[in-house]
Amino acid sequence: MRDIGQVNNPYHDDKVIDACSLFGVMDTSGGRFSGEGIIRAIANMHVRGNGLGGGFAIYGLYPKYADFYALHVMYLSREGQREVEAFLKDRFDLAYAEEVPTRLTSGIIQPPAVWRYFLGVGRHKPEEQSEDNYVADRVMEINTRLGDAFVFSSGKDMAVFKGMGYPEEIAAYFCLEQYQGYLWTAHGRFPTNTPGWWGGAHPFGLLDWTVVHNGEISSYGINRRYLEQFGYRCTLQTDTEVVAYAVDLLVRKHGLPIEIAARVLAPPFWNDIERCPPGEQKLLRTLRQVYGSLLLNGPFTVIIAHHGEMIGLTDRVRLRPLTVGVKGDMLYLSSEESAIRLICPDLDRAWIPMGGEPIVGRLGTSPQPQPVTIGEEVTSDAN
Amino acid sequence: MKTYLPSKFLIERDPERCIQCQVCVNQCSFDVHYYDAEDDEVRSREENCVGCHRCALFCPTRAITISRNPMDYRENYNWRPEVIEDIIKQAETGGVLLTGMGNDKGQRIYWDHLVLNASQVTNPSIDPLREPMELTTYLGRKSDRVELEPDSHCLKTELAPQVKLEVPVMFTAMSYGAVSLNVHKSLARAATEMGTLWNTGEGGLHPDLYQYGSNTIVQVASGRFGVHPEYLDAAQVIEIKIGQGAKPGIGGHLPGEKVSTEVSLTRMIPQGTDALSPAPQHDIYSIEDLSQLIYALKEATNYTKPVSVKIAAVHNSAAIASGMVRAGADIIVLDGLRGATGAAPKVIRDNVGIPIEMALASVDSRLRQEGIRNQASIVVSGGIRNSGDVAKAIALGADAIYIGTAALVALGCHVCQQCHTGKCAWGICTTDLALTKRVNPDIGARRLANLLRGWSLELKDILGGMGINALESLRGNRLHLRGIGLTDTELEILGVRMAGS
Ligand code: SF4
Ligand code: SF4
């Protein structure tokens, strides 16, 4: 059995520590657009990374295969590929497979082979299991059991492209300017302690959920222990993984709306909760009482995405930057305002959200041109 | 019989300073100092001195110095002075050696082998003077998840009763009778002021203290002293006492002399009779019996308050704790090897039980493995000395901490280990009215509240240094601990890595 934690975190530190640049852009009307803008925007924040990791997530990417799970797999050897392909044939209905097109780029050294597979679950799964859970389990299996291969994207009609290099180099390598999607997120990485590994770049994804993350989560130890109780195995030993699993638990398994889940990850202070009207107070208090171990404490900004939604969130005292920009149906999230202005100079509005205040872009809902005050959405929901 | 015991302490009285005022004579409850009228001189019977320092601190001219009697035995690692003297005592009395306070032996104190983390460069530390820093803790059973109404997103989940603590440090069970009413008053007022809880112990709740009910934990122990409906109703939490760290498996014995009128009323037993707490609870011979008592108490109080169960930390704590949670306990209390007592057989106090650090680590891990950690809060006690110990206990997995000895030290106790004699010169562990008035509840409450205030400020500094602004992010977060000078097995049980790794 291969220990992915060892690949990603060879020194076996408590967790991988990194700092980063983040960018996200979404057309809430669902219009698809090319990656040209986001590539320029993330390149504008070049110095926030150090070339040891860059990546993108794109939604609305494969309309032709929208009903199939798109697995992107990185191979370190021919045997690895043979093994995984045999495994996939055995466990899925294969609709289409190809090597992901790339071009020679100066900054990219020793790239692994990356293939994509469009897979249907069909009759392969046990009856009582959902398709999503079946796929998630198989991805875990490949990533922990099979050698020389790593699945870094597994959702439908979306994909993650990532690797070692600056994000603009990764974009050039994977020809991302040629793709179209309605939601893009991007990440440039500055790890302090890993030699870098293709699978360790962001976005980090499970099914169609992806996370790009800037920060260090000081509560990692307990977040991880809590999630392990629900069967999550934190194989990568990064705090980003913990964010992804926490969202998966709260939203997919426990059925909480993302705005409420954000109140778990970055809850209001007890004093602020005491000042809320009774219904909201009780909700917020109960959330903290039950999910206290999921509070993400320490500096972070994350952009979480899945089909139809993009969420920006900082820790509750905003120790890492996040700027929001709105132009018509377009919502921008970025580590730096300059990156947004570079590709959209005439924004309707740009602002810095409060610490712990989730910024949610939703398909079919125009982005809020005004900042939402803390607790407002929850209030209207709770009463 | 002529005693062969040497005096433990030497008392020097500086003749230049002594003004023969006899304060020491009046302060000493162990009959050490006396006034020799013939010679007009105050003298000492050193053999009676227990080293409680009461006289030295109250002497107006600071004339008294107390030091250890340097009388050395021939060196012998096996036959150490304490061993020899214990044999002498038993040869002279023929009884069980009794003692007070907690285990004073040299078993490893793991707190001293654990160190905490702090932020540098990659994440900022947080300054608690400028930023909010949260210590608020809720004790009680938590649900597995929060459910909302499908459309309105209103809260559907109704949590079991929760108790709020502003500071994660509570005052542990010390019964009225073992300690004085003034001590109870001091504890109750300090707990109320600081937003935490104090615990009645097994001796009932004095009528004057019902007003502090919302900050009170009432105990139901094997003697059932002072347990009645109003007592249960008054409390915020009900605690079933199965055992205590100082004397696992052993009952209690409050001698008849200590059962004064007031104590007899509160305990609901005749004045002057011995109050005997049986070793086991005679209605609990197994786990299903515990469950029945838990639910009987919940029924009696209409499911309005958490029920806690306290055990001494023993070899199988993890399995026992898991059973307790499944039996319905909302809070489990683990009292470790160093837990203190008003009176216990010395051989039990010093030899039975396991260190609290180990018990806590294994119970927290076990409950997590079984996926039931959220169903009960974990409270630990037994030798917790300062906020550093508190922070480490929380990082190992505790929800809150009980302090007993530390609280008594705040009231004046000098840990002389004479609590079982009923003669406490500091007026703490006694019901002698001449002595109990030495604790003024107003001043006592202030000293206790100050202690908790100091610890909270320090805890906030510790959290801020780690870049964390809420206690729940430290709770069970063992990555913020590292071990020093521990073996692999110890590290494995503690779930902590070696410093430098
Ligand atoms: S209290 Fe001090 S000054 Fe007074 S009699 Fe005792 S030793 Fe002397
Ligand atoms: S409470 Fe009193 S008797 Fe007991 S150790 Fe403290 S000072 Fe000594």
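The legends below describe close-up views of a predicted model.

Residues are numbered from 1 along each chain as its sequence is written, chains are lettered from A, and ligands are numbered from 1 in the order in which they are written. In this predicted model local features need pLDDT of at least 70 and side-chain atom pairs count only at pLDDT 80 or more, while totals for chains, interfaces and linings use all residues; side-chain values use heavy atoms, with hydrogens and water left out.

**View 1. Surroundings of ligand 1.** Ligand 1 is surrounded by 13 residues, where a residue is near a molecule if one of its heavy atoms lies within 4 Å of it. The closest of them are B:R13, B:C18, B:C21, B:C24 and B:C59. Sorted by class, the shell holds nine nonpolar, three polar and one charged residues. Here Ala, Val, Leu, Ile, Met, Phe, Trp, Tyr, Cys and Pro count as nonpolar, Asp, Glu, Lys and Arg as charged, and the others, Gly among them, as polar.

View 2. Among the residues around ligand 2 are B:M101, B:H414, B:V415 and B:W426, along with the cysteines B:C413, B:C416, B:C419, B:C424 and B:C429. The shell has eight nonpolar and three polar residues, and no charged ones. B:V415 has a positive phi of about 50° although it is not a glycine. This residue lies in the loop between α12 (405-411) and α13 (433-436) of chain B; helices (H or I, at least four residues) and strands (E, at least two) are DSSP runs, numbered from the N terminus. With a relative accessibility of 36%, B:V415 counts as partly exposed. Buried means under 20% relative accessible area, exposed over 50%, and partly exposed in between (1.4 Å probe, protein chains only). B:W426 also has the charged end of B:R54 over its ring, 4.7 Å from the ring centre. A charge sits over a ring if NZ of Lys or CZ of Arg is within 6 Å of the ring centre and within 35 degrees of the ring normal.

**View 3. Aromatic rings in chain A.** Over all chains the count comes to 16 aromatic pairs. Rings of Phe, Tyr and Trp (its six-membered ring) pair if their centres lie within 6.5 Å; planes under 30 degrees apart count as stacked, over 60 as edge-to-face and the rest as tilted. A:Y65 and A:F118 make a stacked pair, 4.4 Å centre to centre with 20° between the planes. This pair links distant parts of the chain, 53 residues apart: A:Y65 is in the loop between β3 (54-59) and β4 (69-75), and A:F118 is in strand β6 (residues 113-120). A:Y65 is buried at 16% relative accessibility, and A:F118 is buried at 2%. The rings of A:W115 and A:Y117 have centres 6.3 Å apart and planes at 25°, so they are stacked as well. One aromatic cluster is formed by A:Y62, A:Y65, A:F68, A:Y96 and A:F118.

View 4. Rolling a probe the size of a water molecule over the atoms shows where empty space is left. On a 1 Å grid over the protein atoms alone, a cavity is a set of points where a 1.4 Å probe fits but cannot get out, and a pocket is an open set with protein on both sides within 12 Å along at least five of seven lines; lining residues have an atom within 4 Å of a point. Grid points are joined across faces, edges and corners, and a volume is the space filled by probe spheres set on the points.

**View 5. The largest pocket.** The volume of the largest pocket is about 2,000 Å³. It is lined by 46 residues, and B:K8, B:E85, B:D86, B:K89 and B:Q418 lie nearest its centre. Two or more lining residues come from each of α3 (81-93), β5 (98-99) and α9 (346-351) of chain B. The largest share, eight residues, is given by α3(B). The lining divides into 17 nonpolar, 15 polar and 14 charged residues.
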